[in-house]
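Keep the model open as you read.

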Amino acid sequence: MSRYVLDHHQEGERERLALMSGLLDPMHRRHLERAGVAPGARTLEVGCGNGSMSAWLAAQVAPSGRAVAVDLDLSLADAGVPALELRQADILAGPVQPGDFDLVTCRAVLHHLADPATAAENLVASARAGGTIVVIEPDFLPVTIADPAEVRKFWDGWLAWSRSEGIDYFIGRRLPELLCGLGVTDIEAVAETALFNGGSLWAEYWRLTVTELRPQLEESGKLGGRLIDAFLRQCADPAWWSQAIAFTAVHGRAPRAEDAAGPC
Ligand SMILES: C[S@@+](CC[C@H](N)C(=O)[O-])C[C@H]1O[C@@H](n2cnc3c(N)ncnc32)[C@H](O)[C@@H]1O
């Protein structure tokens with residue numbers, strides 16, 4: 001079974017996932033609407049977290065369609081949403097109903113996985129030929145220019161810790177190539193970055209995330225308490241503006257038999 005560093009049973013994880021939904025669902029919905037999601041469709045979300053996007057997908061495809069939401073741990077997802085099926089599964093173990101779904105999506109999942117290439121292959125194999133694929137993952141490029149210097153050092157330590165945990169915070173830039181290599185066609189990719197200040201919802205997201213992981217961060221020896229405290233002070237200061245993640249969204253179509261081998 002795959003291991004996930006932000007276990008759903010950790011204190012604060014429900015609130016952290018709710019913040020993620022509030023901050024990222026509008027962008028995710030925009031990408032799905034652009035790709036096209038219609039009543040009657042069969043959709044799959046992998047790594048659904050609290051299930052907010054899958055509940056939205058279910059509302060789009062109901063009453064004749066069906067949304068399936070997969071996660072290693074469904075304890076924070078709402079059961080009982082019409083047209084939504086929650087399914088506990090590991091995307092590294094294989095495709096979900098191979099070749100079945102009209103639309104397959106995942107957000108902020110692949111960067112946590114030991115083998116993102118296999119997960120991407122299983123995602124694509126879950127879609128019907130010509131079905132829509134929308135994958136959104138982070139790229140932490142913006143933290144490499146964060147100010148002030150102490151915050152940049154905080155991020156250096158954060159990235160060193162994440163590498164030691166097998167988390168790839170720079171996967172965003174490689175997604176188009178990864179999907180292209182799997183035969184995905186009509187690929188389009190875009191990245192967007194929120195600029196946020198101390199006291200904002202993004203700052204609160206980071207406060208919760210860093211607080212939840214603090215024992216692990218300090219134990220790892222990659223990030224000390226002084227830098228963590230300096231970062232948390234900035235997160236409370238409304239005069240501090242910064243950016244952290246470039247969310248990279250890639251749209252494409254699952255391969256069809258008639259697709260010629262060649263550039264995506
Ligand atoms: C960072 S959370 C993102 C949740 C949600 N997609 C969002 O953006 O709000 C990553 C989610 O992926 C799930 N996950 C991690 N590894 C997985 C795997 N191998 N198969 C299925 N889900 C997985 C975790 O349990 C967690 O809910």
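In α2, the residues S52, M53, S54, A55, W56, L57, A58 and V61 are buried. Buried means that 20 or more other C-beta atoms lie within 10 Å of the residue's own; exposed means 12 or fewer, partly exposed in between, with C-beta atoms placed from the backbone. Helix α2 spans residues 52–61 and is mostly covered, with eight of its ten residues buried. Helices (H or I, at least four residues) and strands (E, at least two) are DSSP runs, numbered from the N terminus.

The model is predicted: local features need pLDDT of at least 70, side-chain atom pairs count only at pLDDT 80 or more, and totals for chains, interfaces and linings use all residues. Residue numbers start from 1 along each chain as its sequence is written.

What covers the buried residues of α2? The cover includes α1 (13–35), β1 (42–46), β2 (66–71), β3 (84–88) and β4 (101–107).

Take β4 next. Seven of its seven residues are buried, so β4 is largely enclosed by the rest of the structure. β1 and β4 run parallel, joined by four bridges. There, L44 has V104 of β4 as its bridge partner. β4 also runs parallel to β5 (residues 127–139), through six bridges. T105 has its bridge partner in β5, at V134. Between these strands comes a helix: β4, α3 (residues 116–126) and β5 make a right-handed β-α-β unit. Right-handed means that, with the strands pointing away from the viewer, the path from the first strand over the helix to the second runs clockwise.

Now return to β1. Five bridges link β1 with β2, and the two run parallel. V46 has V70 of β2 as its bridge partner.

These pairings belong to an open sheet of seven strands. Its order is β3-β2-β1-β4-β5-β7-β6, and the pairing is mixed. Two strands pair if DSSP finds at least two bridges between them. β3 and β6 (185–197) are the edge strands, each pairing on one side only.

Step back to the whole chain. It holds seven helices and seven strands. From the N terminus, the elements run α-β-α-β-β-β-α-β-α-α-β-α-α-β. The radius of gyration, taken over C-alpha atoms, is 19 Å. Buried residues make up 40% of the 264 residues.

Terms used
Two residues are in contact if their C-beta atoms, placed from the backbone, lie within 7 Å. The radius of gyration is taken over C-alpha atoms; the globule rule is 2.2 Å times the number of residues to the power 0.38.
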